[in-house]
Amino acid sequence: MHSRSSQVALAVVALVLGFLVVTQVRSQAGGTGLEDRSAQDLTLLVANLNTRNDQLRGEVADLGRQLDSIAAAQARGDTSAGQLRADLVRVRIWSGVDAAVGQGVRVVLRGPVTAVVLEDLVNELRNAGAEAIAVGGVRVVPATIAGGVPGSLSVEDTPLSDPVEVVAIGNAATMTGTLTRAGGLVAQEMATNQGLAIEVTPADRLQVPATARDLTPRVAKPRL
Amino acid sequence: MSGVAGRLRSIPTWEITLFLALVSLGFLIAAQVRSETPRVRYTSQERAPLIETALGLQAQQKSLQAQILDLRSRIASAEVATQGSGAIATQLNDALFQARLSAGLTALEGNGLVVQLEDAPQVSQAAGSADLLVTGRDVRTVVEELWLAGAEAVAVNDERVVSATSIIDIGGSLLVNSAYVAPPYQVKAVGPADMYAQLAESASWVDFVASRAGQNGIRLAIAQPASLLVPAYAGSVTIRYAQPPASSAPSANP
């Protein structure tokens with residue numbers, strides 16, 4: 001009797017134990033990070049992934065055409081210098097090495113502007129597709145960081161005057177819409193920073209300067 | 001002593017086995033409860049196809065990124081192959097190589113520093129634990145601190161940080177270069193050998209660590225691999241609106 005009841009008890013415990021082990025292992029291994037997202041969050045994520053993939057497909061198509069063009073030029077015995085030059089101009093503008101002009105938005109910030117507000121704004125402009133950005137006349141590149149306290153902010157050792165002007169080249173309507181929508185960045189920043197005023201104006205032609213930074217790596221080596 | 005040993009010997013084997021199994025059971029139940037992270041778990045049925053779609057799109061994204069890197073590499077090789085055709089082409093190719101290097105379109109290798117961020121453990125969202133989650137701002141702060149420490153290239157979960165990079169929170173997720181990245185977030189940097197020393201001396205870094213790791217319990221770890229590879233940017237470099245100013249139109253001399 002004893003041995004029969006002990007066997008049943010052990011079987012039940014082993015069953016529960018096995019179930020828990022599997023559950024625990026699965027919960028530890030679930031590395032996608034998506035399991036705990038709500039349906040609404042996932043919908044938003046899927047929309048963003050779709051947009052991103054469309055951009056990547058466009059890039060693949062562009063690069064394919066570029067490769068074909070170089071191959072055709074080589075077949076004709078040309079140097080394809082025109083193609084190289086166009087590529088060079090594009091990459092230098094995109095990286096911030098060269099100045100740029102084009103349509104975009106001018107954002108004027110008055111009041112207690114903090115470095116975090118500027119960082120949030122630049123991040124949002126990039127997210128809205130800005131192709132070139134300048135803060136207080138300084139071109140923003142990856143390592144450009146605003147510092148200091150309200151009233152004595154600086155970017156790349158250049159003091160920022162009051163008001164602070166941020167210029168971004170890109171689709172003016174998209175950037176204006178993204179910044180000024182209800183609950184958007186402008187509304188959020190003005191709600192959380194008392195006395196801060198942000199004005200966004202679309203413009204047909206704006207100019208941003210080239211960066212003064214040398215973006216060439218000094219220590220790290222390229223891996224081709 | 002001999003009394004205790006005798007009593008232990010008198011316990012049936014099955015009882016000892018059951019005792020050990022129950023201890024394991026208790027341990028596993030506790031581990032399972034503790035593994036519930038601050039991010040709330042949802043169980044609705046409509047999520048399964050959405051997760052599947054998102055994972056499918058992520059896989060597509062990886063494949064497209066690989067195609068982009070492959071095409072860029074083939075273009076660079078094809079361009080170099082035209083060098084023999086003339087001095088201008090050679091000059092342009094050299095300038096293009098430098099431009100791609102500066103733009104983050106080339107992978108870089110060197111002294112490394114990796115900062116890993118993870119949500120704070122064990123606290124439920126119901127307890128008002130928004131501060132316990134790693135946010136886009138946290139990751140941006142780490143990226144900024146690494147630039148200040150002298151980094152020459154930075155990537156977040158292998159998404160290279162370039163001039164167009166945004167790091168945003170969207171629906172509880174983090175998008176870097178519009179690509180979904182899952183926690184833990186690894187910010188990799190290559191640069192000078194004293195990067196960690198520079199980082200450790202930064203007052204704003206010390207404040208960040210004290211506030212987010214010290215007070216809020218965000219898990220933060222740092223590694224210094226002797227050699228680290230930061231991948232090339234594998235996204236779009238298309239510009240539609242920005243043009244060179246009239247005075248700096250393309251010239252034969254880059």
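Author: Gladly! One term to begin: two residues are in contact if their C-beta atoms, placed from the backbone, lie within 7 Å. Please keep in mind that this is a predicted model.

Reader: Among contacts in chain B between residues at least 6 apart in sequence, what percentage join residues at least 24 apart?

Author: Chain B has seven helices and nine strands, and 38% of its 254 residues are buried. Of its contacts between residues at least 6 apart in sequence, the share joining residues at least 24 apart is 78%.

Reader: Which helix of chain B gives the largest share of the side that touches chain A?

Author: The contact draws 97 residues from chain A and 102 residues from chain B. On the side of chain B, 21 residues, the largest share, belong to residues 47–81, helix α3 of chain B.

Reader: Which residue of chain B is the bridge partner of R223(A)?

Author: Strand β9 (residues 221–223) of chain A runs antiparallel to strand β1 (residues 107–118) of chain B, and three bridges join them. Within β1(B), R223(A) has as its partner A107(B).

Reader: And what covers the buried residues of α2(A)?

Author: Helix α2 of chain A, residues 39–76, reaches 55 Å from first C-alpha to last, close to the 56 Å expected. Its buried residues include L42(A), L45(A), L49(A), R52(A), L56(A), E59(A) and L63(A). An α-helix has 3.6 residues a turn, so residues three or four places apart point the same way. The cover over the buried residues of α2(A) includes α3 (81–95) of chain A, along with α3, β4 (167–170), β5 (173–176) and β6 (179–181) of chain B.

Conventions:
Residues numbered from 1 in each chain as written. Chains lettered and ligands numbered in written order. Predicted model: local features only at pLDDT ≥ 70, side-chain atom pairs only at ≥ 80, totals over all residues. Helix = DSSP H or I, 4+ residues; strand = E, 2+ residues; numbered from the N terminus. Pairing = 2+ DSSP bridges. Buried ≥ 20, exposed ≤ 12 C-beta atoms within 10 Å, placed from the backbone. Expected span 1.5 Å × (residues − 1).
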